[in-house]
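Here are a few friendly notes to read with the model open beside you.

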Amino acid sequence: MSDTHAQTVAFVRDTMLPPEAPPTTQAGAVKWMRENLFSGWLSAILTVLSLLAVIGIVYELAPWLLNSVWNANSLTECRAILDGASGACWAVIRVNWLQLMFGFYPSDLYWRPILAFVLLIVAVAPVLFPSVPRKLMWFSVVYPFIAVWLLWGGSVWGPVMVLLGLAVLGLFIMRAAEPLGTVPTSAMAVVLFLALFFNPPGWFNLDLGIFPIVQNIADLLGGIIPIELRPVPSREFGGFMISIVIGVAGIALSLPLGILFALGRQSNMPLIKWISVTFIEFIRGVPLITLLFTASLLLNYFLPPGTNFDLILRVIIMVTLFATAYMAEVIRGGLAALPRGQYEAADALGLDYWKAQRLIIMPQALKISIPGIVNTFIGLFKDTTLVVFIGILDPIGRASAIRATSDWQGIYWELFIFIGAVFFVFCFSMSRYSMYLERRLKTDHR
């Protein structure tokens, strides 16, 4: 009886066995190497070849980097210190650091571009990061005018009057469009505003240009409350400062313009669609360097006599137009990727065109287009180095000028490695932010 009872009672463990360590081939660095470096014979061969290449590069560069010279005032001194050994002469960066950063900007005014750069970080923070209070968005709107005043100087009332003029223009457009609420009405409002107040030559033969009015009001306020900074002409700009100015301006302007041209290319209105397609295809078919030469040499021929556009302003306009064409195609790809049901859902909710775009269509299209948008931004920022061909001394131009001096004639790699490293930091930061933004906006579960 007891034997039968013992056979029917199930064995239940009342203690847990202690955990054992996994096999060495299934955990830690060994597992990672097996899966990523030696998963097959082809992977193993490529890994070995890559290691040999890295070892060869390090073997060649290590003596050059380890024998770096930082304290010297010329290439001759560097070579004397090295005494025939191979080594990098980073002293050229130390001696010419400020020129590479600011060009010929007055040394006693360096605080102005530095302050403008710090304020740029404050201005873009509420746009890029949701944790930053949205109340700072007002500063993002007024920052461009503050930056222009800090960098170029002059009376503060000039930028203030331009800001007020743009605000009046916005109110004028909204009021004019209220009766019908249509795009043609808004377009007519803009044309009337420009015709009556900016008064291009030959329009209505009226002498009501807004620029003299703005200038007179700014001069009057400047006489009553003189708030001004020492003017700095554009020819003294250079180095990384000019690259950041052109790059940031082009990025900030090309995105909204690209959205408008992308919507224009998909418009059912033939005129708007024709204008958008012509602009995009023409700009994409012309090299940027051609547009820059046009801005530098030919643009004045198409302007009224006596008109003097600042060279940096002309470059910003051309760079913005160039980036806008590519941005429009990137965003059009995002719009084309949306299912037709999203448009039908917006129609079913009774939303008009602009509300549908703002609330449903465009947020999804921009989310899809994030990699292409950031790629365009990175390309635009790197393309700012092309301004060296029209006489603007960006970092590449400053490096060439430094190499042309008697003290540093013959130096090469150190300058361009440093410039490339700085551009890499900016571009890599944009790439990492793009990845962060994609993860934050990811709503699927794949």
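Is S369 buried or exposed? S369 is buried, with a relative accessible area of 4%; buried means under 20%, exposed over 50% and partly exposed in between, with a 1.4 Å probe and protein chains only.

A word on ground rules before the points. This is a predicted model, in which local features need pLDDT of at least 70 and side-chain atom pairs count only at pLDDT 80 or more, while totals for chains, interfaces and linings use all residues. Residues are numbered from 1 along each chain as its sequence is written, and side-chain values use heavy atoms, with hydrogens and water left out.

1. **Around S369.** You will find S369 in the loop between helix 17 (353-368) and helix 18; helices here are DSSP runs of H or I with at least four residues, numbered from the N terminus. Setting aside neighbours within four places in sequence, S369 touches V330, I331 and G334, where contact means heavy atoms within 4.5 Å.

2. **Helix 18 against helix 20.** Axes are lines fitted to C-alpha atoms over the stretch in contact, and angles run from 0 to 180 degrees between N-to-C directions. The crossing is right-handed, that is, the near helix is turned clockwise from the far one by less than a right angle.

3. By class, the contact holds twelve nonpolar, two polar and two charged residues. Ala, Val, Leu, Ile, Met, Phe, Trp, Tyr, Cys and Pro count as nonpolar, Asp, Glu, Lys and Arg as charged, and the others, Gly among them, as polar.

4. **Aromatic rings.** F381, F423 and F426 also belong to a cluster linked by ring pairs, together with W97, F240 and F418. Across the whole structure, a search finds 21 aromatic pairs; rings of Phe, Tyr and Trp (its six-membered ring) pair if their centres lie within 6.5 Å, with planes under 30 degrees apart called stacked, over 60 edge-to-face and the rest tilted.

5. **A pair across the sequence.** F129 and Y436 form a tilted pair, 6.0 Å centre to centre with 45° between the planes. F129 lies in the loop between helix 7 (111-128) and helix 8 (137-152) and Y436 in helix 20 (residues 413-441), so the pair ties together parts 307 residues apart in sequence. F129 is partly exposed at 33% relative accessible area, and Y436 is partly exposed at 27%.

6. **Helix 14 against helix 15.** Helix 14 (residues 288-298) and helix 15 (residues 311-337) pack at an angle of about 150°, with axes 9 Å apart. Helix 14 is thus roughly antiparallel to helix 15. The contact is made by L288, L291, L292, T294, A295 and S296 of helix 14 and L311, R314, V315, M318, V319 and F322 of helix 15. Its residues divide into nine nonpolar, two polar and one charged.

7. **A123.** A123 sits in helix 7 and counts as buried at 5% relative accessibility. Beyond neighbours within four places in sequence, A123 is in contact with F139, S140 and Y143.

Note on methods:
Helices (H or I, at least four residues) and strands (E, at least two) are DSSP runs, numbered from the N terminus. Angles under 35 degrees count as roughly parallel, over 145 as roughly antiparallel, 65 to 115 as roughly perpendicular and the rest as oblique.
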